[in-house]
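Please open the model in your viewer and keep the sequence beside it, so that each selection can be followed in both.

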Amino acid sequence: MAVSVLIVEDDRNIAELLQMYLEKEGYAVTVAADGGQGLAKFRAIKPDLVLLDVMMPVMDGWSVCKAIRAEAQTPIIMLTAKGDTDSKVMGLKTGADDYITKPFEMKEVLARIEAVLRRSGNSVEKKANKLVFDRLIIDMDAFELTVDGKKIDTPPKEMELLF
């Protein structure tokens with residue numbers, strides 16, 4: 001299952017660029033054009049990560065960040081033109097996990113997304129060799145099947161099929 005990312009950005013060109021690159025990397029992307037729509041979509045889809053602009057219509061990024069933090073610990077990366085130190089500090093104190101200023105390099109944005117997801121525990125490797133479902137663990141690196149904490153002897157072909 002792909003990691004879901006919500007992009008809350010009022011600049012359509014930037015939103016489309018981010019969406020294109022993230023989808024190319026295997027992320028499931030949803031875009032919101034303003035803060036109010038962003039908060040509504042956040043509540044509806046419960047994404048794994050939010051990329052959030054600050055200066056937007058309806059509801060600014062600070063307010064969206066506070067609202068998300070009031071109900072979830074979903075990682076938030078502020079992506080904004082406000083590059084002064086006070087804005088960065090405010091973003092991080094409001095609850096953002098990272099802060100990137102525009103203009104940005106996509107390689108850096110992708111690396112920061114991976115780092116934030118890794119720290120939050122929401123990371124899904126592109127070629128995951130281990131799947132965990134409640135009490136079932138399929139580890140293709142060790143060729144182990146674990147059910148309710150007990151290792152089950154499983155032939156390699158059955159492991160591949162199950163995976």
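Is the crossing of α2 and α3 left-handed or right-handed? Keep in mind that this is a predicted model, and begin by selecting residues 35–45, which form helix α2, together with residues 61–71, which form helix α3. Looking at this pair, you will find that the crossing is right-handed. The axes of α2 and α3 come within 10 Å and cross at roughly 20°; because angles under 35 degrees count as roughly parallel, α2 is described as roughly parallel to α3.

Next, show the side chains where these two helices touch. On the α2 side, select Gly-35, Leu-39, Phe-42 and Arg-43, which meet Val-64, Ala-67, Ile-68 and Glu-71 of α3. Sorted by class, this contact holds five nonpolar residues, one polar residue and two charged residues.

Now move to the second pair by selecting residues 12–24, helix α1, and residues 106–120, helix α5. Here the axes lie 11 Å apart and the helices pack at an angle of about 60°, so that α1 and α5 are oblique to each other. The crossing of α1 and α5 is right-handed.

Finally, display the residues through which this second pair makes contact: Leu-18, Tyr-21 and Leu-22 in α1 meet Met-106, Val-109, Leu-110 and Ile-113 in α5.

Definitions and conventions:
Residues are numbered from 1 along each chain as its sequence is written. This is a predicted model: local features need pLDDT of at least 70, side-chain atom pairs count only at pLDDT 80 or more; totals for chains, interfaces and linings use all residues. Side-chain values use heavy atoms; hydrogens and water are left out. Axes are lines fitted to C-alpha atoms, for helices over the stretch in contact, and angles run from 0 to 180 degrees between N-to-C directions. Helices (H or I, at least four residues) and strands (E, at least two) are DSSP runs, numbered from the N terminus. Angles under 35 degrees count as roughly parallel, over 145 as roughly antiparallel, 65 to 115 as roughly perpendicular and the rest as oblique. A crossing is left-handed if the near helix is turned anticlockwise from the far one by less than a right angle, and right-handed if clockwise. Contact means heavy atoms within 4.5 Å. Ala, Val, Leu, Ile, Met, Phe, Trp, Tyr, Cys and Pro count as nonpolar, Asp, Glu, Lys and Arg as charged, and the others, Gly among them, as polar.
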